[in-house]
Amino acid sequence: MIDQSLSTCRSIAEIKKQTAQVNMFQNPVSTSLNLSVAVGQKPISSLHLFDVTGRMVAGQTNLNATNTTLDVKHVSNGLYLLNVTLTDGTWATQKVTIQQ
């Protein structure tokens, strides 16, 4: 029996098309993480910071900004994943280390 859910798998080329180019400053970070999109990219729409269990610990939505800052003063030390979505729907996920 064929699992029908596998029919929606995408190729690596399709996945690469969905990846935005986002620059992150000060990683590891202690108080705030600065983000900017690469030249030619659409503005940042939203960003979400997840811990290793998948729980969202910080985020911002409806940004429409080419540069933004995420305050992480309230977040515990550790390794996190930052998901950034641009206004055109492309996205990027990057590792973030918080050391306060």
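Met 24 has Leu 35 in β2 as its bridge partner. Strands here are DSSP runs of E with at least two residues, while helices are runs of H or I with at least four residues, and both are numbered from the N terminus. Strand β2 covers residues 32–37 and pairs with β1 in the antiparallel sense, over four bridges. Two strands are said to pair if DSSP finds at least two bridges between them.

The structure is a predicted model, in which local features need pLDDT of at least 70 and side-chain atom pairs count only at pLDDT 80 or more, while totals for chains, interfaces and linings use all residues. Residues are numbered from 1 along each chain as its sequence is written, and side-chain values use heavy atoms, with hydrogens and water left out.

## The sheet β1-β2-β5

Three strands form an open sheet in the order β1-β2-β5, and their pairing is antiparallel. Its edge strands, β1 (22–25) and β5 (67–71), each pair on one side only. From one strand to the next, the twist averages 25°; axes are lines fitted to C-alpha atoms, for helices over the stretch in contact, and angles run from 0 to 180 degrees between N-to-C directions.

Strand β6, residues 78–86, pairs with β7 in the antiparallel sense over eight bridges. Thr 85 has Trp 91 in β7 as its bridge partner.
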